[in-house]
2 protein chains.
Amino acid sequence: MRTAVCDQLGIQYPIFGFTPSEHVAAAISRVGGLGVLGCVRFNDASELDAALDYLDANTEGRPYGVDIVMPAKVPDEGTAVDLSALIPQTHRDFVQQTLHKLGVPPLPADGDPGREGVLGWLHSVARSHVDVALKHPIKLIANALGSPPEDVIDLAHAAGVPVAALAGKAEHALRHVENGVDVIVAQGTEAGGHTGEISTIVLTPEIVDAVGERAHVLAAGGIGSGRQIAAALSLGAAGVWMGSYWLTTSEYQLAGPADAVKQALVAAHSDQTVRSRVYSGKPARLLRTRWTDAWDEPGAPAPLPMPLQNLLVNEAHQRIMASGDPEVVAMPVGQIVGRMNAVRPVAELVAELVAEFDETLARLDKLR
Amino acid sequence: MRTAVCDQLGIQYPIFGFTPSEHVAAAISRVGGLGVLGCVRFNDASELDAALDYLDANTEGRPYGVDIVMPAKVPDEGTAVDLSALIPQTHRDFVQQTLHKLGVPPLPADGDPGREGVLGWLHSVARSHVDVALKHPIKLIANALGSPPEDVIDLAHAAGVPVAALAGKAEHALRHVENGVDVIVAQGTEAGGHTGEISTIVLTPEIVDAVGERAHVLAAGGIGSGRQIAAALSLGAAGVWMGSYWLTTSEYQLAGPADAVKQALVAAHSDQTVRSRVYSGKPARLLRTRWTDAWDEPGAPAPLPMPLQNLLVNEAHQRIMASGDPEVVAMPVGQIVGRMNAVRPVAELVAELVAEFDETLARLDKLR
């Protein structure tokens, strides 16, 4: 499945594996894909620096990338404390009442740090991620929320690093290309995390037709088998961008001590996701659980805008994670969750993707 | 693109074209696909009989099929008049007020018949469709709402006619196969009309894996190019089921005198659809217009269950159609509407699908 984007980035397979885990990212890069480390969880740039040191030491010199959350419009800046003042008490009360109702205990008194929320959403933090990442031999810098700021694109290009951006509509992809973005991730509504409404099979060829030769297009959303990779390349994509699929790998260890998240994901079917603003304030596809259902009940408040919603629910997310109840996890994941039915190592998954892709092409060849 | 289902049905291409127009259906069958006539609009079985006579005379002996709306559970029977008594006055008032606000005039005093609503939703009418259809040389009988009743499946099989059923989840497909259904239409959420929440790229391989060799699987939703057909076959489908795509063909003449529907469809982008219960009472993807927006406004009533909602809005649909305002049409269509940008004959569209499919396979072959 070697395509033009493989040649440009020096990778064997056009499988871009987005993951918040440096262990998963390294494993993906080692077996010929491109591991892309999601940076939003690193509130302090030094933590990101350490994770990238790990990647440098564990990718056998193979390429990897980073994904930084940079809102297209620079939001009002502020510390966690003064942003916190913007959260209505009714919302705080709803969260506390819901956690009580769902039987989620408080955090232990000696709780760990990080309670200030995920600051990676903040512009200043995201920019510190860029500065740190560019000191490492990254081969791709992606932005989950649209075109990166112009000077970030310039910095990346000056360092010889291609820039990727996610797009849920063809018009967004066109804007990215005009801004200098090199790789468009056409993200269908079935994807996990922040996502639009147009499905992968419709969106991918629309974006391919819109951007032409000006950018590589990767299909994202609903990819978790070699058949689906073949479908993505049929649609004109140069590769695939996969995120959810790595959450049930053996290497993924961010799901908390009780592994409630992995249990919930392994058990879930493809109809057990919901597109909702409760995670971050922007529409994102999540595992449907008792937590997301609570926000859909009559009387539940409307989620707050980004970044307030994440600050609002951050402690709840930590409590939910610590509680270890698979029915109450708060987890972004795509509809491909229905195909994630066992915990397996990255190398095994990638080998299977490649083998099924080859089988699919052989099958199609008989239709010519 | 010859697959096993082509051999079984005696067609050249595994392109199943669902359409309420006998003119479009005939044109699809003539060029090597399978035209499938949607029967729900025929309130009287004799009208369907005449349409099938047209197909018999205009398909050059090539196969065609029918699609009948048979609810899985037999609903309470009733005439249009006594069902009508179940519609709350508040709903009637909302419809009248909305039409007034949108500037949709009343029907002329000498209005045409058919004001009793679309009765094809009713079980007794659907059964009369089956009886009429089986007197013609149909090659497929499909049910838009799940497995047909057991005796309908038996009747069809006794006549040597395979049975198709739509499925939005793998568990529904499995049930269909256990009921004796021969062809499963895996309908993704991006499809027009009644549709579930799982996208085509996720749903198709799930259903293929679930039913195995027991049924042919067609992919539906988001198919409107040769690349998308190649994607569907990559996913394991034996063919594609396309509905929306024929609404902007030259042969389609059911859109009213002013052609407001075609104008609206040709202009629409892929993000201009909405999945809503306002058309029939069950979730269906529609063109997003001022009419559908009105039902999303605060204070709008929740749509009624099937078949009441269609009875409620039937006169409104007729008034909207007669008004000729492209901004207020009420029309089921899938996200593929973004690719329907000109009014063209069926033969030209099918030739283009086939040519692009061949190009796509040639392109993929270079990746082997």
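Predicted model: local features only at pLDDT ≥ 70, side-chain atom pairs only at ≥ 80, totals over all residues.

Let's begin with how the two copies sit relative to each other. Turn chain B by 180°, with a shift of 0.0 Å along the axis, and it lands on chain A with an RMSD of 0.0 Å. The two copies are thus related as by a two-fold rotation axis. If you want to find that axis in chain B, look for Ala231(B): its C-alpha is the nearest one, 2.0 Å away from the axis.

Now for the place where the chains meet. Chain B puts 42 residues into the contact, and chain A puts in 42 residues too. Every interface residue of chain B, 100% of them, is also an interface residue in chain A, so the copies meet through the same surface. Together they bury about 3,400 Å², with carbon and sulfur atoms accounting for 54% of that.

What holds charges face to face here? There are eight salt bridges across the interface of chain B and chain A. One to look for pairs Arg368(A) with Asp365(B), at 3.1 Å from N to O. Polar contacts turn up as well, in 23 residue pairs. On chain B's side, the elements giving two or more residues are α9 (200-211), α10 (226-234) and α14 (346-365). Sorted by class, that side has 17 nonpolar, 12 polar and 13 charged residues.

Next, zoom in on chain A by itself. The chain splits into domain 1 (1-77 + 122-251 + 345-368) and domain 2 (79-117 + 257-341). Their centres, taken over C-alpha atoms, are 25 Å apart. Where they touch, 24 residues of domain 1 meet 22 residues of domain 2. About 1,900 Å² is buried between these two domains, 60% of it from carbon and sulfur atoms. Three residues stand out on the domain 1 side: His194(A), Leu247(A) and Thr248(A) supply 27% of the area that domain buries against domain 2, more than any other three residues.

How many salt bridges link the two domains of chain A? The count is one. Nine residue pairs are in polar contact between the domains. On the domain 1 side, β7 (193-194) and α10 (226-234) of chain A are the elements that give two or more residues. By class, this side has six nonpolar, 15 polar and three charged residues.

Technical notes: Residues numbered from 1 in each chain as written. Chains lettered and ligands numbered in written order. Heavy atoms only, no water. Least-squares fit on C-alpha atoms with pLDDT ≥ 70 in both. Contact = heavy atoms within 4.5 Å. Domains from an automatic or database assignment. Buried area = accessible area lost by both parts, 1.4 Å probe. Salt bridge = Lys/Arg side-chain N within 4 Å of Asp/Glu carboxyl O. Polar contact = N/O pair within 3.5 Å; in protein donor to acceptor, adjacent residues only side chain to side chain. Helix = DSSP H or I, 4+ residues; strand = E, 2+ residues; numbered from the N terminus. Nonpolar A, V, L, I, M, F, W, Y, C, P; charged D, E, K, R; others polar.
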